[in-house]
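Hi,

Here is the model we talked about, with the sequence alongside. Have a look, and my notes follow below.

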Amino acid sequence: LKILTKTGTRNATAPYLYGWMFEDINHSGDGGLYGELLTNRAFDGSTVTWGGIPDFVGDSIVYQENPVQAYGPVLTGYKPVGNTSLRLDNLHPLTHSHSTVLQLDIPTTSNQSTSPVGVENMGWWGIPVSPQIYNVSFFIYPDQVRNQFNLNTSITVSLQSNITGEIWASTVIPAQSWNVVNWTYVEAQIFNTVSAPDSNNSLAITFDPIAASGQTYYFDQISLFAETFKGYKNGLRKDLAQNIYDLGPKFLRWPGGNNIEGYSIQRRWKWWETIGPLENRWARPGNWGYYNTNGLGLMEFLEWTEAMEMQNVLAIYSGYSLGDAGEGNADEFPATPEAMYPVLKEALDELEFCMGSTDTYWGGKRAEYGHPEPFDIQFVEIGNEDFFGQNYPFRFKYLYDGLKAAYPNITYISTAYDENSGYTVDIPPGAMWDTHHYEPPAFFIDAFDFWDNWQEATNNSDVTVFVGEYSVFQVDTPSEVDDFSDPPSIHIFYPRLISAIAEGVYLLGAERNPLVVKLTSYAPSLQNWNWYNWTPNLIAFDADPMHTVLSVSYYLQKLFNTYRGSESVQVSNPRGDFGPLYWASSVDGDKSVFLKVINVNSTAVPLSVELESPWSSVNGTIITNEDPNGFNYKNNATAITPQPLNLTKTRPGRNGIRDWDVPGYSITVLQFNL
Ligand code: AHR
């Protein structure tokens with residue numbers, strides 16, 4: 001290969017090429033990245049049940065069918081401590097959106113024992129306990145009608161082992177200042193100094209059995225947070241957020257995915273129900289079989305992108321909802337301006353909340369909720385996979401025109417162009433097309449040159465591309481079955497080396513076409529080991545940070561994202577064309593030249609590399625393994641990770657490396673220091 005640093009054509013690279021796609025799927029949000037450690041905090045619904053934390057089963061692969069949906073109101077995840085009983089109550093609503101609360105009845109006989117009485121919550125399949133400060137909060141309402149409330153009592157909140165009962169840390173909260181005729185918001189901190197051996201722990205909220213004997217208490221919005229990423233209140237789980245941050249994603253696509261659409265129009269992601277005080281937010285049955293608390297709401301997404309310095313790719317509801325879960329067929333707004341106006345208004349208000357000055361109604365709300373500074377929205381995606389709908393050409397144009405008139409500087413993204421829909425969407429110049437690929441490895445390798453002439457061939461010279469979702473989701477098969485219900489022998493659960501190789505070839509194609517492909521994001525991104533419904537994902541995790549597994553596809557993206565120049569540069573190959581080696585090169589000013597090389601075959605291929613510019617040293621990183629089907633797993637989390645590669649100049653006169661054997665099944669990045 002000859003890297004034409006002096007004579008070749010250069011193009012500016014796409015600055016935001018590698019991003020992150022997030023929606024609540026696989027318990028990626030509630031029970032995942034969202035920092036709330038308790039399950040079912042407002043009794044809306046939860047998939048978590050007592051009966052032990054599922055133990056990890058060796059290194060066998062278990063495909064988990066969607067467990068039963070636990071839609072609320074339910075007591076799932078709670079159990080009584082000592083001589084008490086728990087039930088749900090509707091007579092003492094906390095707020096309009098929190099109308100069902102927990103009723104804790106402590107019998108008069110509780111004073112016959114000295115054991116504490118109360119309630120415990122098992123967290124999202126456990127609670128990790130490490131030395132730090134935990135923030136506990138809840139609303140409590142003593143039932144005066146039943147009993148004279150004893151203000152000399154107190155509550156103890158404890159982090160404790162489910163196995164031994166050992167208490168890791170606790171705090172006593174006096175009751176003196178509580179309201180006896182209404183709800184009181186209680187906040188406390190638990191100062192913990194120990195590390196529990198595992199995450200099989202719970203939070204207990206207990207009373208003295210003698211002082212509280214015969215009392216009834218109502219609870220709601222019971223919450224526990226550990227330290228969050230960059231300390232945001234109501235923020236992100238620190239370790240998982242750090243994993244995402246380490247990859248360096250340049251944008252966040254949120255909040256879906258299907259999860260924005262809803263099972264029905266009524267159940268769509270209503271952004272205004274996801275802002276403000278948590279006790280006023282409505283939970284919602286998400287599209288992925290479990291309740292979403294909406295604790296990770298619009299403002300939290302914006303704070304996430306702020307904390308990680310990412311661009312926002314905000315997906316707005318576009319008037320199409322997927323039918324599912326027994327709620328009937330897909331539902332779509334009619335193709336008339338009158339029918340679509342509320343959808344446009346909803347999106348305009350959403351943008352006003354994000355970007356409007358504090359003088360506007362929604363900008364003022366943003367300030368009231370703690371962020372007077374407007375956020376910046378660079379990209380707005382109009383819907384999600386709307387090719388499933390019938391009238392997206394109308395809906396897209398109507399929303400595009402309305403939004404563009406109000407926010408001309410935003411780049412708008414169409415979710416359909418010409419896929420299987422029987423129509424072509426007319427994407428205006430300057431706008432983008434989001435295309436999704438869940439395919440076997442061969443598809444991605446074949447698609448290496450897909451973008452080379454796409455704009456010319458489709459007469460879309462001013463339309464650019466967002467690959468908003470992609471992953472190798474199954475192995476190659478002779479007949480190329482393309483079905484998510486494929487048996488485990490075909491469907492992939494964790495990204496394999498061959499997945500990363502194939503995805504990498506496709507991404508090289510994107511890097512070589514920086515004027516066409518501007519944004520890419522793998523999907524889905526996060527998978528809770530305890531409850532998931534879509535594989536593979538970039539990161540798999542459970543409550544215990546020690547169990548997190550970064551996949552080979554994660555490492556591929558991190559590597560490709562880290563070593564990116566400001567301009568792509570031409571590479572000539574006098575010996576032939578691409579395959580089995582694929583490559584792309586870029587330069588970073590006059591400091592470095594990057595070369596990415598992927599070998600898709602099993603055998604090593606000798607390669608000589610030359611640069612037109614002189615260079616002093618080269619740093620290499622390689623991801624490789626004999627087994628293309630190898631993957632990282634809980635008990636073998638680092639089976640395939642990037643390793644340093646030592647290469648030296650073996651052609652000093654020609655600024656080159658001669659006959660470097662590019663290993664079979666490998667992904668290499670070289671950084672030449674000029
Ligand atoms: O990533 C999982 C789902 O795949 C997304 O929600 C949807 O957009 C696509 O069909």
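Helix 4 (residues 337-355) has 19 residues, which at 1.5 Å a residue should span 27 Å, and its end C-alpha atoms are 25 Å apart, which agrees. The expected span here is 1.5 Å times one less than the number of residues. Helices (H or I, at least four residues) and strands (E, at least two) are DSSP runs, numbered from the N terminus.

Before the rest, two notes on the model. It is predicted, so local features need pLDDT of at least 70 and side-chain atom pairs count only at pLDDT 80 or more, while totals for chains, interfaces and linings use all residues. Residues are numbered from 1 along each chain as its sequence is written.

Back to helix 4: its buried residues are Met340, Val343, Leu344, Ala347, Glu350, Glu352, Phe353 and Cys354. (Buried means 20 or more other C-beta atoms within 10 Å of the residue's own, with C-beta atoms placed from the backbone.) What covers them includes helix 3 (298-307), strand 17 (311-316), helix 5 (361-368) and helix 6 (392-406).

Helix 3 is itself mostly covered, with eight of its ten residues buried. After helix 3 comes Glu309, with a positive phi near 50°.

Now the ligand. Around it sit Glu23, Ile25, Gly256, Gly257, Asn258, Asn384, Glu385, His436, Glu469, Ala523, Pro524 and Trp534, each with its C-beta atom, placed from the backbone, within 6 Å. By class, that shell has four nonpolar, five polar and three charged residues.

Strands pair if DSSP finds at least two bridges between them. Strand 33 (residues 617-624) and strand 36 (residues 666-673) pair in the antiparallel sense over eight bridges, and Ser617 stands opposite Asn673 in strand 36.

Notes. A residue is buried if 20 or more other C-beta atoms lie within 10 Å of its own, exposed if 12 or fewer, and partly exposed in between; C-beta atoms are placed from the backbone. Two residues are in contact if their C-beta atoms, placed from the backbone, lie within 7 Å. Ala, Val, Leu, Ile, Met, Phe, Trp, Tyr, Cys and Pro count as nonpolar, Asp, Glu, Lys and Arg as charged, and the others, Gly among them, as polar.
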